Amino acid sequence: MLWLKGWLETRYRMAFSLCFIGLVMVLSHVAGTKQPPPGARPLEALVLMVNSFVVVFFSMLAGAGINTQPALQATKGLHGSTLFTLSLPVSRLRLLVIRSSMGWIGMALLITLLCIGLGLLAPKDASVTDTQIIEQAAALIACATGFYYLSVMLGTFLDDAWRIWGSMLAFGAFWLLGAYTPLPNALNLVRAIGEGSPVIAHTMPWGAMAFSVGLAAVLFVAAWKIAERREF
């Protein structure tokens, strides 16, 4: 029942995301048939576009597992079925695990489809191999997981609308931090999915991936503790 509840909350957001991906990929394919201007870097532009989508996906799909989310719109205040959810004979930890897992699976699926599209749209002279596309998807999923669970934690005490904006602003703040301070590569998640990504740097950002997964674990525990202590 809880898995079904999570699916009902995310299915329209997933469908909207899939349609948007399809539209943008078609437009990108049409634009790619034209000769790029001198000095242009089409592959870097495609990676940047994919990363922008990832920010939207983890912001939309993350949930606290307790606050019920409407299908498409972000709302303020408690959703009507939140109190019903809390009355179910399950722990808040289980609610948190199932809802956040459902959103994470959806995010991982969307990222995989994006990377497949990246491989199809990549310019021929970039020599992007199938192995690099698989590595790109793995790096993106791992590095996005840290930001995803940051959004999950924000959802334990913020309304859905503020959670989405807070998630995007947090990513922007991390990007600024990496751009203007000498962060080690192992801590720079934005670089790991950009200029340090497998399709551009031709190497796996193992340090950043491990840091992101570890950060996600810490944020999940923090979300669990907040959810247990919060009163509705």
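A contact means that heavy atoms lie within 4.5 Å. The exercises below concern a predicted model.

**Exercise 1. Which elements make up the protein chain, and where is confidence lowest and highest?**

Step 1. The protein chain holds 9 helices and 0 strands. From the N terminus on, the order is therefore written α-α-α-α-α-α-α-α-α.

Step 2. The mean pLDDT of the chain is 83, and 83% of its residues reach 70 or more.

Step 3. Confidence is lowest in helix 3 (residues 82–86), with a mean of 61. It is highest in helix 5 (residues 130–154), at 94. Where pLDDT is low, the predicted coordinates should not be read in detail.

**Exercise 2. Is Ala223 buried or exposed, and which residues does it touch?**

Step 1. Ala223 lies in helix 9.

Step 2. The cut-off for buried is under 20% relative accessible area. Ala223 has 0%, so it is buried.

Step 3. Leaving out residues up to four places away in sequence, Ala223 touches Leu96, Val152, Met153 and Thr156.

Step 4. Leu96 is 127 residues from Ala223 along the chain, yet their C-alpha atoms are separated by 8.3 Å.

Step 5. For the chain as a whole, residues 24 or more positions apart account for 80% of the contacts with a separation of 6 or more. Of the 232 residues, 46% count as buried.

**Exercise 3. Describe the second largest pocket: what is its volume, and which elements line it?**

Step 1. The volume of the second largest pocket is about 500 Å³.

Step 2. The lining has 19 residues, and the closest to the pocket centre are Leu48, Trp175, Val190, Gly194 and Glu195.

Step 3. Helix 2 (42–61), helix 6 (160–180) and helix 7 each give two or more residues to the lining.

Step 4. Helix 2 supplies the largest share, 6 residues.

How values were computed: Residues numbered from 1 in each chain as written. Predicted model: local features only at pLDDT ≥ 70, side-chain atom pairs only at ≥ 80, totals over all residues. Heavy atoms only, no water. pLDDT = per-residue confidence, 0-100. Helix = DSSP H or I, 4+ residues; strand = E, 2+ residues; numbered from the N terminus. Buried < 20%, exposed > 50% of the residue type's maximum accessible area, 1.4 Å probe, protein only. 1 Å grid on protein atoms, 1.4 Å probe; cavity = no way out; pocket = protein on both sides within 12 Å on 5 of 7 lines; lining within 4 Å. Points joined across faces, edges and corners; volume = space filled by probe spheres on them.
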